[in-house]
Amino acid sequence: MIDFLTIPLYIQIALSAVCLYRIIRGPTIPDRMVGIDIFGILVVGICAIIATQTGKSFILDIGIAWIILSFIGTLTLAKYLSGKKLNE
Amino acid sequence: MNNMVTLILICIGVLFNIFGCIGLLRLPDVYNRLQSATKCVTLGCYSILLGVVFHFGFSDAGFKALIAIPILFFSATVAAHALIRGTYHFGTKLDERSVKDDYKEVIK
C-alpha cells in the first residue's frame, strides 16, 4: 500500500534486535526478563506496520494476542522472581 | 491527507521506540533500563497504533487497532510494575552511582 513505511518497519526490526542483544548478554536474570517484556511490546508495533502495508486485518489479531500472552508471561516471571508460589 | 497523518504518527512512534531502545542499551542498571524502556516503547507503540487507526478509518482493522490501544496501555504498565517489584525482592543491587533508595524504608 504505502511504500515509504518500509523504513520504519526496518528500524522497528532493528530495535527488536537490540532487545535480543539485551536478552542474550544481560548481566543478571532480571535484565533478560526486561528484554523479553520490551520485545513483546515492540512486536505489536511491527504487526501494526505490516498491517498497514498489506491491508490485511488479521495481523492486528496476532498483535493483540501477543500483548495478552506477554502480559501473563511477565506476571508469571515477576512472581517467580519475588520467590512466591503462583497461588499466593 | 490521511496518509500524511499516518506517516507523521508512525514516525513519531518509531522515534520514541528508538529513544527507549537506546536507554535499554546504554543505561547502567536494571531499574534504569526498565524505567527508560517501558515508558518510551509503550508510548511509541501507542502512537503507531493511532496511526493505523487513521490509516484504516472506520473498518474492521481500524476498530481492532482501537481496541489494541487500551489493552497495550494497561497491560504493559502493570507488567512493568510487577516485574520491577519482583526484581527488588529478588535482591538485585542498585548501581553504585545511585543516590537514594526510598523503597528500602517502605518495606522495612
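This is a predicted model: local features need pLDDT of at least 70, side-chain atom pairs count only at pLDDT 80 or more; totals for chains, interfaces and linings use all residues.
Ile12(B) is found in helix 1 of chain B.

**Helix 1 of chain B**
- Helix 1 of chain B has 25 residues, which should span 36 Å at 1.5 Å a residue, and the 36 Å between its end C-alpha atoms agrees with this.
- The buried residues of this helix are Thr6(B), Leu9(B), Ile10(B), Gly13(B), Val14(B), Phe16(B), Asn17(B), Gly20(B), Cys21(B) and Leu24(B).
- The cover over these buried residues includes helix 1 and helix 2 of chain A, together with helix 2 of chain B.

- Helix 2 of chain B is made of 27 residues and reaches 38 Å from its first C-alpha to its last, close to the 39 Å expected at 1.5 Å a residue.
- Of the 27 residues of helix 2 of chain B, 23 are buried, so this helix is largely enclosed by the rest of the structure.
- Gly57(B) follows helix 2 of chain B and has a positive phi, near 70°.
- Two packed helices are described by the angle between their axes and the distance between the axes.
- For helix 2 and helix 3 of chain B, the axes come within 8 Å and cross at roughly 175°.
- Angles over 145 degrees count as roughly antiparallel, and helix 2 and helix 3 of chain B are therefore roughly antiparallel to each other.
- The contact between helix 2 and helix 3 of chain B has 21 nonpolar residues, 5 polar residues and no charged residues.

**Helix 1 of chain A**
- Helix 1 of chain A covers residues 6-25, which makes 20 residues. From first C-alpha to last, helix 1 of chain A reaches 29 Å, close to the 28 Å expected at 1.5 Å a residue.
- Pro8(A), Gln12(A), Leu15(A), Ser16(A), Val18(A), Cys19(A) and Arg22(A) are buried in this helix.
- Viewed down the axis of helix 1 of chain A, the buried residues fall within an arc of 140°, so they line one face of the helix.
- An α-helix has 3.6 residues a turn, so residues three or four places apart point the same way.
- The face turned away from the buried side of helix 1 of chain A carries the exposed residues Thr6(A), Ile7(A), Tyr10(A), Ala14(A), Ala17(A), Leu20(A), Ile24(A) and Arg25(A).
- Helix 2 (29-54) of chain A and helix 1 of chain B are among the elements that cover the buried residues of helix 1 of chain A.
- Tyr21(A) also has its place in helix 1 of chain A, and it counts as partly exposed because it has 14 C-beta neighbours inside 10 Å.
- The C-alpha atoms of Tyr21(A) and Thr76(A) are 55 residues apart along the chain and separated by 23 Å.

**Contact between the chains**
- In chain B, 44 residues are in contact with 41 residues of chain A.
- Helix 1 (2-26), helix 2 (30-56) and helix 3 (60-90) of chain B each supply at least two residues of the side that touches chain A.
- Helix 3 of chain B gives the largest share of that side, 19 residues.
- By class, the side of chain B that touches chain A divides into 28 nonpolar, 12 polar and 4 charged residues.

Key: Residues are numbered from 1 along each chain as its sequence is written. Chains are lettered from A and ligands numbered from 1 in the order in which they are written. Two residues are in contact if their C-beta atoms, placed from the backbone, lie within 7 Å. Helices (H or I, at least four residues) and strands (E, at least two) are DSSP runs, numbered from the N terminus. Ala, Val, Leu, Ile, Met, Phe, Trp, Tyr, Cys and Pro count as nonpolar, Asp, Glu, Lys and Arg as charged, and the others, Gly among them, as polar. The expected span of a helix is 1.5 Å times one less than its number of residues. A residue is buried if 20 or more other C-beta atoms lie within 10 Å of its own, exposed if 12 or fewer, and partly exposed in between; C-beta atoms are placed from the backbone. The arc is that of the directions from the helix axis to the C-beta atoms. Axes are lines fitted to C-alpha atoms, for helices over the stretch in contact, and angles run from 0 to 180 degrees between N-to-C directions. Angles under 35 degrees count as roughly parallel, over 145 as roughly antiparallel, 65 to 115 as roughly perpendicular and the rest as oblique.
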